[in-house]
Amino acid sequence: MKKKAILITLGIFCLSAFAGCSGETADTSAESSSSVSGSSSVSESSQGSSVSDSSSESASTSEEKEYEIISGDFTLEDCIVLPEYKGLELTNTVYVASEDYVDSYIETLAETQELTDADAEVQTGDTVNIAFEGKIDGETFDGGSSDSYDLTIGSGRFIDGFEDGLIGMKKGDETDLDLVFPEDYGNEEFNGKPVVFHVVINSISRPVEQDDAWVNEYTDGEFTTMKDFRADIEQQLNESLAANAKTTLYNNAWAEVYDNTEFLAAPEAYIAEGKEVFVSNAEAEAQSYGFASAEEYFEAAGLTGTDLSDYEQEYGESYALTRIMAEAILDAEGISTDGAEVNEVYEGLADSYGITLDELMEQYGESRTYLYAICTVANEVVVDYANVTEETEEYNV
């Protein structure tokens, strides 16, 4: 686990816990897939909010900006000079799922079954369980052997020639694959080295045939034909791609304003608040990875006390700058941070999780929820003022 990755992860954990900063609070594509009984949610990628990206943008660039850290009372004018945020020239590129993409997605829904026919041969798309042993100059090497490994043929998970070399083999067959590691493999011990893999096919599994009968069973009778099922999946994919495009649009708008903002000062009180959020997030994330404490989590990542102190300070300052910018935009627009627009975000967020507003604040923390809400409203302001060019492109596998 990289040290930099931990800071980024914590930044995203802080703010992207709430999906949909584009004004449709927590209205993710996952919900649109509920019509397909028994199917996985259709989502091209995670719907991270524009707030989370803007915060990580702040985290990566705050050290490049010169500003004071001030304590005591302050005004927004003491802290920030906003750029012209009205009339940004933005492009909203919406991808539309190609036929191949829809087909490939549906193929991922099919379960695999182990083949019992002794004459069945490995083909592209099969999942084979293999035992293998790799040798370089006649010697085995770390990570080059396994007694049981599931490999989907065509996935490209092994070096060139490995997967192709298994095509046509049967269960129980053995082979020696004389291959060469790529020159740019990424490990000097292996780069460009000849290698021999001895491989045994333990079993062969193949996706079940996806026909009308499969659709009927997979969706518990909601769809009875592949044609109707495919149309529904295509619609879901397009909704997801449109949601991703909207997220990107809002991310780009936020980043453009941030990059052109002149930060004069970061309030010490806001930094302290951000540090508290950092610690809270660290504890929650450590728990999600199975660590007993944040200290164990960071220790496993090789972070020293100095590293943590630096990251905590950087995160705190990023939080402060993000909050200052959002508050400044709302102030310029005459929008109160405790007004109807912000409260609407709170309420929508609570509704989306099926909890009360008090429970929302308790579960996610007032500071994090507040920052999300004001950034959401400020981001919407910027995009509403922007000149947006709409484009459509086909999305392929």
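The model is predicted, and its local features need pLDDT of at least 70, side-chain atom pairs count only at pLDDT 80 or more, and totals for chains, interfaces and linings use all residues. Residues are numbered from 1 along each chain as its sequence is written, and side-chain values use heavy atoms, with hydrogens and water left out.

**Overall make-up**

The chain holds 13 helices and eleven strands. These are DSSP runs, numbered from the N terminus, with at least four residues of H or I for a helix and at least two of E for a strand. Of the 397 residues, 44% are buried. Buried stands for under 20% relative accessible area, exposed for over 50% and partly exposed for values in between, with a 1.4 Å probe and protein chains only. Among contacts with a separation of 6 or more, 77% are between residues 24 or more positions apart; a contact is heavy atoms within 4.5 Å.

**Aromatic pairs**

Rings of Phe, Tyr and Trp (its six-membered ring) count as a pair if their centres lie within 6.5 Å; planes under 30 degrees apart are stacked, over 60 edge-to-face and the rest tilted. The count comes to 28 aromatic pairs. Two of them are set out here.

| Pair | Ring centres | Plane angle | Class |
|---|---|---|---|
| Phe132 and Phe162 | 6.1 Å | 80° | edge-to-face |
| Tyr218 and Phe229 | 6.1 Å | 75° | edge-to-face |

Phe132 is in strand β5 (residues 127-136), while Phe162 is in the loop between β6 (139-152) and β7 (174-180), so this pair links distant parts of the chain, 30 residues apart. Phe132 is buried at 8% relative accessibility, and Phe162 is buried at 0%. Both residues belong to one aromatic cluster, whose members also include Phe141, Tyr149 and Phe158.

In the other pair, Tyr218 lies in helix α6 (residues 212-218) and Phe229 in helix α7 (residues 226-259), eleven residues apart in sequence. Tyr218 and Phe229 are both buried.

**Around Glu273 and Arg323**

Glu273 is part of helix α8 (residues 268-288). Beyond its neighbours within four places in sequence, Glu273 is in contact with Tyr319, Arg323 and Ser367. The side chains of Glu273 and Arg323 are joined by a polar contact of 2.7 Å. A polar contact is a pair of N or O atoms within 3.5 Å; within protein, one must be able to donate a hydrogen and the other to accept it, and residues adjacent in sequence count only if both atoms are side-chain atoms.

The charged end of Arg323 also sits over the ring of Tyr270, 3.8 Å from its centre. This requires NZ of Lys or CZ of Arg within 6 Å of the ring centre and within 35 degrees of the ring normal.

**Two loop residues with positive phi**

Most residues other than glycine have a negative phi. Asp137 has a positive phi, near 55°, and is found in the loop between β5 and β6. Asp137 is exposed, at 69% relative accessible area. Asp220 likewise has a positive phi, of about 55°, and its place is in the loop between α6 and α7. Asp220 counts as exposed at 66% relative accessibility.
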